[in-house]
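Work through the following exercises with the model in view, and try each task before reading its solution.

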Amino acid sequence: MIEIDTITKRYGETTVVDTVSMTIAPRTITVIVGTSGSGKTTLMRMINRLVEPTSGKILIDGEPNSAIPGYELRRRIGYAIQGHGLFPHRTVAENIATVPTLLGWDKSRIDAKVKELLTLFQLDPAAFGPRYPHELSGGQQQRVGVARALAAEPNILLMDEPFGALDPVIRAKAQEDLLAIQKHFGTTIVLVTHDMEEAFHLADKIAVMDKGKIVQYAAPQDMLVNPATDFVETLIGAGERPFRLLSIGTVADAAEAGEADGEPIAAALSQRDALSALLWSGRQALPVVGADGAPLGRVTLASLTRRAARPQ
Amino acid sequence: MKRLLPNLLRLAVLVILIAFLLQPMLFEPLLKPLVQANAPAVYNQGSLLSLTLSHLATVFTATLAATIVAVGLAILVTRPIGAEFLPLSRSLVNIGQTFPPVAVLALAVPAVGFGEKPTLIALFLYGLLPIFENAMTGLSTLPPAIVEAARGTGMTAWQRLIKVELPLALPVILAGIRLSVTISLATATIGSTVAAKTLGEVIIAGLQSNNLAFVLQGGLVVAVLAVLIYDAFSAVERVLSRRAGRV
């Protein structure tokens with residue numbers, strides 16, 4: 001659990017983060033969104049003390065994060081940034097081993113961890129371990145960057161626009177990977193982005209920042225239904241609301257008993273994907289199947305239309 | 001394949017240089033036309049090999065000292081604590097560069113006497129600037145994302161310097177050392193005016209006795225050494241930058 005308590009950061013006369021308080025529940029994904037200059041990155045960087053606050057405090061699992069030296073704190077907290085920040089003079093394996101090496105793990109444990117993470121990120125350890133970062137594609141570099149951040153098994157992972165430099169296809173894949181990884185390790189993730197699509201897709205809770213203050217901190221659905229200010233409404237995009245609402249829920253939630261013909265849709269996909277498939281194929285209903293291919297009923301255009309409407 | 005020819009050429013030059021230093025008399029027929037009938041065509045007042053070795057030793061010592069001081073200063077002034085020393089350090093190394101080595105020799109001899117020492121001082125001062133400026137550039141133009149990542153992974157300031165900043169700046173620092181060594185190799189010859197054992201002795205002997213062959217031998221050996229050492233440094237830099245992905 002991360003408790004941020006009336007934290008403020010000033011640079012001279014400018015207040016970048018203004019008395020922000022929020023509590024981040026363990027094993028959840030919290031996304032901080034805002035325009036550039038809203039203070040979202042500064043807020044996140046105060047959690048691992050890359051930026052020291054002017055006043056206020058941050059508790060991690062009840063302990064103030066100022067209790068130990070900054071570098072020790074940062075070894076316990078994963079950190080992944082845009083453009084990956086891999087060390088170009090070190091191999092992929094050495095990059096991933098950075099924090100475990102700093103912590104003095106023994107070699108066999110480090111090797112096993114590097115292998116485990118590369119495999120988890122679908123990179124063959126034998127082929128990719130000895131390569132240098134510039135020999136990798138952008139998507140691969142980004143995966144190695146996240147693998148490095150996770151190497152010392154941190155409870156908390158901070159991500160600063162981690163997918164900002166990726167093209168849309170690889171970005172979608174990276175987001176799916178992140179969700180899977182979060183389930184796998186149960187890591188508490190704090191992610192900063194300016195992409196609302198990404199925020200709604202990933203977040204358990206979204207914090208919207210504007211001019212150094214948090215204007216709303218809520219679950220995606222609550223934020224859609226009750227935006228706190230005009231700014232939040234603009235950020236969400238009024239025209240996008242029904243689709244965002246659908247993108248939060250899975251097809252499994254919308255499935256009902258019954259039969260339907262045609263190409264089935266996977267239960268794990270979002271309702272937005274289902275709507276899109278229905279509209280595109282011009283049908284009224286689609287069969288739903290589980291991960292194992294077993295039929296789970298159907299999803300209808302009518303039920304999706306109902307779900308996309310403003311909840312009463 | 002593209003590099004094969006230049007490398008063969010370098011190897012050939014190196015072999016000829018070693019042959020000349022070990023058996024200079026073999027080359028007598030080539031040099032004979034340059035001198036008057038009864039004058040010696042090959043330097044005969046000492047061993048060319050030992051002069052060359054002591055020439056290299058002088059340059060090596062001076063450059064090593066200049067590297068330690070210049071890189072040390074560059075590290076200091078690129079830290080937050082040392083930033084205010086930047087103007088001072090810059091003036092110091094600039095003075096070292098603007099003072100002609102000959103003037104340094106003239107001033108150093110009364111203080112430390114004749115021999116190696118004044119030459120070492122002159123070469124040391126003269127070699128500081130390129131190394132300092134390159135080390136400064138190398139250390140202050142590192143990609144911000146990488147510096148940020150080094151902090152983010154929990155490296156201490158010292159670990160960041162040793163494990164990330166210096167290795168990444170190394171190709172640029174080496175380029176500075178390369179310039180400094182090349183300049184020093186040539187400049188060291190004037191050390192012989194104050195009795196330092198360098199290849200300058202051969203050139204000076206040639207000038208005094210109006211012996212063109214001596215001047216040419218001394219000059220060529222210095223020039224070939226400079227070219228070969230320059231190329232060797234360039235090759236190491238290329239390997240390092242390729243590894244650092246900074247091609």
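A crossing is left-handed if the near helix is turned anticlockwise from the far one by less than a right angle, and right-handed if clockwise. This is a predicted model, in which local features need pLDDT of at least 70 and side-chain atom pairs count only at pLDDT 80 or more, while totals for chains, interfaces and linings use all residues. Residues are numbered from 1 along each chain as its sequence is written, and chains are lettered from A and ligands numbered from 1 in the order in which they are written.

**Exercise: a helix pair in chain A**

Describe how H14(A) and H15(A) cross, and name the residues that meet.

Begin by finding helix H14 (residues 271-281) and helix H15 (residues 301-308) of chain A, whose axes come within 10 Å and cross at roughly 135 degrees (axes are lines fitted to C-alpha atoms, for helices over the stretch in contact, and angles run from 0 to 180 degrees between N-to-C directions). That angle makes H14(A) oblique to H15(A) (under 35 degrees is roughly parallel, over 145 roughly antiparallel, 65 to 115 roughly perpendicular and the rest oblique). Next, looking at the handedness, one finds that H14(A) passes H15(A) in a left-handed crossing. Finally, A:Gln271, A:Ala274, A:Leu275 and A:Leu278 in H14(A) meet A:Leu301, A:Leu304 and A:Arg307 in H15(A) (contact: C-beta atoms, placed from the backbone, within 7 Å). The residues of this contact divide into five nonpolar, one polar and one charged.

**Exercise: a helix pair in chain B**

At what angle do H4(B) and H6(B) pack, and which residues meet?

Helix H4 (residues 86-98) and helix H6 (residues 116-140) of chain B pack at about 130 degrees with their axes 7 Å apart, and they are therefore oblique to each other. The crossing of H4(B) and H6(B) is left-handed. On the side of H4(B), the residues are B:Val93, B:Asn94, B:Gly96 and B:Gln97, which meet B:Leu125, B:Tyr126, B:Leu128, B:Leu129 and B:Phe132 in H6(B). Sorting the residues of this contact gives six nonpolar, three polar and no charged.

**Exercise: a sheet in chain A**

Trace the strand order of the open sheet of six strands in chain A, and then follow the pairing of S9(A).

The order is S6-S7-S8-S3-S9-S10, with mixed pairing (two strands pair if DSSP finds at least two bridges between them). At the edges lie strand S6 (77-81) and strand S10 (213-218) of chain A, each of which pairs on one side only. Neighbouring strands of this sheet are turned by 15 degrees against each other on average, direction ignored.

Now turn to S9(A), residues 205-210, which pairs with S10(A) in the antiparallel sense over five bridges; A:Val208 has A:Gln216 as its bridge partner in S10(A), and A:Asp210 stands opposite A:Lys213. These two strands form a hairpin with two residues between them, and A:Lys211 in the turn has a positive phi of about 50 degrees. With strand S3 (residues 29-34) of chain A, by contrast, S9(A) pairs in the parallel sense over five bridges, and here A:Thr30 has A:Lys205 as its bridge partner in S9(A).

Technical notes
Helix = DSSP H or I, 4+ residues; strand = E, 2+ residues; numbered from the N terminus. Contact = placed C-beta atoms within 7 Å. Nonpolar A, V, L, I, M, F, W, Y, C, P; charged D, E, K, R; others polar.
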